[in-house]
Amino acid sequence: MTASSSLADLLHAAVTAVGGSERPGQVTMAEAIAEAIDDNAHLLVQAGTGTGKSLGYLVPALAHGERVVVATATLALQRQLVERDLPRTVDALHPLLRRRPQFAMLKGRSNYLCLHRLHEGVPQEEEEGLFDPFEAAAPSSKLGKDLLRLRDWSDETETGDRDDLTPGVSDRAWSQVSVTSRECLGASKCAYGAECFAEAARERAKLADVVVTNHALLAIDAIEGAPVLPSHEVLIVDEAHELVSRVTGVATGELTPGQVNRAVRRAAKLVDEKAADALQTAAESFERLMELALPGRLEEIPEDLGYALMALRDASRTVISAIGDTRDRSVQDEDAVRKQALAAVESIHGVAERIVEGSEYDVVWYERHDRFGASLRVAPLSVSGLLREKLFNERSVVLTSATLKIGGDFNGVGASLGLAPEGIEGDDLPQWKGVDVGSPFDYPKQGILYVAKHLSQPGREGSRSDMLDELTELMEAAGGRTLGLFSSMRAAQAAAEELRGRLDLPILLQGEETLGELIRTFAADARTCLFGTLSLWQGVDVPGVNCQLVVMDRVPFPRPDDPLMSARQKAVEEAGGNGFMAVAATHAALLMAQGAGRLVRASGDRGVVAVLDPRLATARYGSFLRATMPDFWYTTDRNQARRSLAAIDAAAKAAEK
């Protein structure tokens with residue numbers, strides 16, 4: 001902090017620059033973060049919607065003067081920080097700090113265009129050498145058009161960042177012009193190393209005071225051991241309620257027959273016949289087993305699967321050694337071909353070995369997908385130990401979100417991050433404190449939480465005709481303006497199909513258009529309704545009169561047959577805890593708090609959150625779930641809910657006139 005400029009002065013300048021107004025919660029948040037940074041301490045901050053959370057952490061971060069890494073869960077927030085909040089804040093603080101802090105965005109390598117791939121081609125699977133995807137794809141096809149646009153864009157772009165390409169291209173097209181970190185030749189070996197977009201992004205990050213990244217790259221940095229992020233004194237994790245699931249995703253391994261067969265094809269021409277045949281035979285054995293695989297957890301690895309995985313592991317290890325020892329000058333651009341083959345086989349070896357070794361801290365299960373067939377997956381039972389060891393070591397960590405207090409305190413989220421209950425002392429325990437800075441919104445006056453206590457309890461299967469009747473009445477009373485949050489895609493589709501026949505209202509369904517387009521259409525028209533599942537519970541920001549009814553069809557507990565969640569629940573119970581509350585109820589509480597947060601996005605917003613599941617009112621865990629949600633006025637009176645919606649609709653229509 002500069003002697004001449006207090007934190008209050010800096011925050012005031014930043015808020016003025018973005019056209020906002022200072023809020024008590026934002027001031028409290030900024031002061032708490034500045035204190036944590038000065039003390040090299042750890043902090044959990046719950047900051048409700050409308051607090052101005054981004055400036056609440058950016059101002060003390062920029063004032064600190066040493067490098068700060070900010071990690072977010074969503075692309076939307078990364079873009080907001082780099083394109084809007086940081087440029088304005090830096091401009092505003094420059095005169096007061098007497099320096100101009102630099103900032104940069106850093107993502108995983110596969111997010112950047114690879115010039116080697118673009119110009120030299122993609123390693124083939126069937127033949128030696130490479131092929132040109134631009135020649136292979138018909139120019140008139142969707143893939144061909146995407147590739148031609150990518151080639152033109154490569155001459156214009158300064159960043160090579162996929163997210164800067166508008167409109168975007170398909171995953172298939174992007175895979176033709178990008179590489180993973182394992183496939184990359186390395187700047188020193190690559191003919192295009194001096195122009196590499198990913199390397200340029202890394203260099204910018206090394207020079208920046210604030211580096212904006214994502215949870216996935218943060219997880220890779222922690223898990224892989226080799227540093228991906230530049231060294232930093234302070235880590236700020238925004239959207240921190242998502243961190244555990246993102247880290248779990250990065251730490252999850254997968255084997256599929258298609259993936260194994262691709263690795264075989266890529267490696268076959270680079271090793272001797274004996275090594276190639278051994279890998280081919282192991283791949284065929286694995287594929288036969290996977291054809292019979294039934295979805296579900298494998299508490300013990302079946303003997304035949306164990307043999308198949310050991311054969312895969314051993315054959316992969318032989319191939320990895322052979323690829324490293326041989327050179328074949330007849331292969332066009334051999335380094336690139338070998339690197340991709342090596343990456344594919346190393347991935348197979350790593351997952352097979354991990355499952356064969358059978359750590360008690362891993363969960364293994366089969367999944368079956370309608371389109372892609374069966375897969376074998378392995379994930380950590382918990383990432384709390386990893387996070388405690390890697391996240392809170394040698395730097396100050398601030399975690400913030402609108403949803404960190406579960407059931408009224410921070411300890412649930414703290415435990416998932418590897419933290420002991422707040423205030424507990426211990427040599428190996430990171431010390432932390434939690435701060436709830438509230439929300440500027442008057443939730444009891446702006447919103448109603450209505451629980452349809454009279455409905456039948458939702459079962460696993462079967463129609464819920466009374467729920468659909470209730471939903472119809474609520475949407476009619478609201479005049480549209482409805483965001484429907486469903487616990488499964490099947491439920492969302494069934495409700496959309498049924499209500500399109502009953503109501504004269506446009507009903508959009510997730511999956512029928514891109515998510516961004518659906519949200520834009522929903523936000524533009526008061527009568528339009530939007531139904532969907534998981535990403536809508538957290539990804540919709542529609543302030544104003546066009547979203548005045550948020551409906552949840554049921555309490556979103558994880559599926560009872562979810563292998564990872566059920567394993568985590570069982571582990572808590574075996575340790576003497578309440579597995580249902582620690583895992584299933586906590587999962588549901590986070591989602592419901594996020595879902596309910598879609599309703600009030602601005603100080604003038606009014607509306608109803610309707611939960612069409614009586615268990616929120618009648619079950620013993622109902623109060624725990626409600627304590628995590630915004631403090632709306634609570635009722636189980638269906639007539640009251642309908643009257644309120646009708647009044648809000650009438651007021652909105654009058655205001656429009």
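In helix H19, Glu470, Glu473, Leu474, Ala477 and Ala478 meet Arg638, Ala641, Arg642, Leu645, Ala646 and Asp649 of helix H27. Contact here means heavy atoms within 4.5 Å. The residues of this contact divide into six nonpolar, no polar and five charged. Nonpolar covers Ala, Val, Leu, Ile, Met, Phe, Trp, Tyr, Cys and Pro; charged covers Asp, Glu, Lys and Arg; the others, Gly among them, count as polar.

The model is predicted: local features need pLDDT of at least 70, side-chain atom pairs count only at pLDDT 80 or more, and totals for chains, interfaces and linings use all residues. Residues are numbered from 1 along each chain as its sequence is written, and side-chain values use heavy atoms, with hydrogens and water left out. Helices (H or I, at least four residues) and strands (E, at least two) are DSSP runs, numbered from the N terminus.

Two packed helices are described by the angle between their axes and the distance between the axes. The axes of H19 (residues 465-478) and H27 (residues 638-656) come within 7 Å and cross at roughly 30°. Axes are lines fitted to C-alpha atoms, for helices over the stretch in contact, and angles run from 0 to 180 degrees between N-to-C directions. H19 and H27 are therefore roughly parallel to each other. That label applies to angles under 35 degrees; over 145 is roughly antiparallel, 65 to 115 roughly perpendicular, and the rest oblique.

Next comes the parallel sheet. Seven strands form an open sheet with parallel pairing, in the order S16-S17-S15-S18-S19-S14-S20. Two strands pair if DSSP finds at least two bridges between them. Strand S16 (507-509) and strand S20 (633-635) are the edge strands, and each pairs on one side only. On average, neighbouring strands of this sheet are turned by 15° against each other, direction ignored. Three bridges join S16 to strand S17 (residues 529-532). Ile507 has Cys529 as its bridge partner in S17. H19 packs on this sheet too, touching S14, S15, S16, S17, S18 and S19, and its direction makes about 170° with that of S18. Helix H24 (residues 579-596) also packs on the sheet; it touches S15, S18 and S19, at about 160° to S18.

The other sheet is antiparallel. Four strands form an open sheet in the order S8-S11-S10-S9. Strand S8 (253-255) and strand S9 (296-297) stand at the edges with a single partner strand each, so one side of each is left without a neighbour in the sheet. Eight bridges join S10 (residues 362-369) to S11 (residues 373-380). Val363 pairs with Ala379 in S11. Helix H13 (residues 273-291) lies across S8, S10 and S11, at about 100° to S11. Helix H23 (residues 563-574) lies across S9, S10 and S11, at about 155° to S10.

Now turn to helix H10 (residues 215-224). His215, Leu217, Leu218, Ala219, Asp221 and Ala222 of H10 are buried. Buried means under 20% relative accessible area, exposed over 50%, and partly exposed in between (1.4 Å probe, protein chains only). The cover over these buried residues includes S2, S6, S7, H11 and H16. Glu224, also in H10, counts as exposed because its relative accessibility is 56%. Just after H10, Gly225 takes a positive phi of about 90°.

Which loop holds His241? His241 is found between strand S7 (234-237) and helix H11 (243-250). His241 counts as buried, at 15% relative accessibility. A polar contact of 2.9 Å joins the side chains of His241 and Gln538. Such a contact is a pair of N or O atoms within 3.5 Å; within protein, one must be able to donate a hydrogen and the other to accept it, and residues adjacent in sequence count only if both atoms are side-chain atoms.
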